[in-house]
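Hello,

I am passing a structure on to you, and I hope you enjoy looking through it. Please open it first, then read the notes below.

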Amino acid sequence: MKHYKVAIVDDDPLQAAELCKLVEQCVVPADLSATAFESLSAFEASLENEVPDIVFMDIVFPSEAAQGEGVLASAGFAAARENIAGIDAVSRLLEEHDGVQVIYVTGYIELCTRVYRTRHVSFLPKPVNEADLEEALCQAVDNLNERVVRPFALKVGGRIMSVDPADVEYIESDRRKVRIFMDDRTIEAYESLSSITRKLPGSFVQCHKSFVVNMDRIAEMRSDAVEMRSGTTLPVSQKRRRESREAFAEHLRGRL
């Protein structure tokens with residue numbers, strides 16, 4: 001089963017914690033792990049290391065306005081209408097990551113029309129209804145699952161290439177580059193391993209911080225290494241050993 005990372009961006013820590021709990025309890029066709037961020041600045045800083053698959057974004061951030069341009073002069077909808085920092089953040093930070101599924105969450109239902117400035121899956125009013133939450137999550141997961149079974153686009157220099165995951169044996173990360181090892185060629189591109197991984201189907205597993213492998217091409221998985229059918233041997237890190245072995249066993253069961 002595919003694993004997706006969820007980010008919850010809300011300046012109310014209690015509401016963020018509750019939403020994290022609800023998300024991880026939802027029954028969806030994927031494993032989800034949620035992390036809460038209590039400010040837009042904290043969320044933005046996290047993107048330098050990892051871009052989540054699904055983002056629950058609050059819209060109004062009074063503290064952000066107070067510390068920034070000072071737009072929020074008084075409480076209520078009149079002020080909230082001018083302080084749509086969450087929508088602005090999605091436009092500024094996530095538009096280039098077109099695979100990220102955005103779900104807006106807000107106490108200001110009057111702002112529902114403003115979210116159409118950006119791509120998003122759903123708009124949930126607070127307090128969040130559990131059935132509506134699960135429906136929005138299922139849609140987000142379906143979008144992600146559908147996306148990863150098709151060829152994906154990869155920017156290579158001034159070209160855009162179409163890459164079929166079925167043709168990929170494994171992917172190696174080398175600082176800011178990735179190398180994609182295929183049947184008849186190797187492609188190098190400036191892209192992070194995490195962004196490539198989000199484009200791959202569930203038949204791939206990350207066995208090491210620098211390697212993602214196609215489990216359809218594995219001949220044998222040992223405790224510290226994986227041997228591909230081509231004869232290539234790749235490392236399995238101690239941190240990812242259990243997760244990799246479980247994923248491979250589940251993958252084999254699914255093929256029986």
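This is a predicted model: local features need pLDDT of at least 70, side-chain atom pairs count only at pLDDT 80 or more; totals for chains, interfaces and linings use all residues.

Three strands form an open sheet in the order β13-β14-β15, and their pairing is antiparallel. The edges are taken by β13 (218-221) and β15 (233-235); each has a single partner strand, so one side of each is left without a neighbour in the sheet. From one strand to the next, the twist averages 25°. If you look at β14 (residues 225-228), you will see that β14 and β15 are joined in the antiparallel sense over three bridges. In one of the pairs, Glu227 has Thr233 of β15 as its bridge partner.

The largest pocket has a volume of about 980 Å³. Its lining is made up of 34 residues, and those nearest its centre are His3, Lys5, Thr197, Gln206 and Glu243. Among the elements that give two or more residues to this lining are β1 (3-9) and β11 (204-208), while α8 has the largest share, with five residues. Sorted by class, the lining of the largest pocket holds 13 nonpolar, nine polar and 12 charged residues.

The second largest pocket holds about 840 Å³ of space. It is lined by 30 residues, with His97, Glu191, Ser192, Ser195 and Lys199 nearest its centre. Here β6 gives the most to the lining, with four residues. By class, this lining has 11 nonpolar, eight polar and 11 charged residues.

Methods:
Residues are numbered from 1 along each chain as its sequence is written. Side-chain values use heavy atoms; hydrogens and water are left out. Two strands pair if DSSP finds at least two bridges between them. Axes are lines fitted to C-alpha atoms, for helices over the stretch in contact, and angles run from 0 to 180 degrees between N-to-C directions. On a 1 Å grid over the protein atoms alone, a cavity is a set of points where a 1.4 Å probe fits but cannot get out, and a pocket is an open set with protein on both sides within 12 Å along at least five of seven lines; lining residues have an atom within 4 Å of a point. Grid points are joined across faces, edges and corners, and a volume is the space filled by probe spheres set on the points. Ala, Val, Leu, Ile, Met, Phe, Trp, Tyr, Cys and Pro count as nonpolar, Asp, Glu, Lys and Arg as charged, and the others, Gly among them, as polar.
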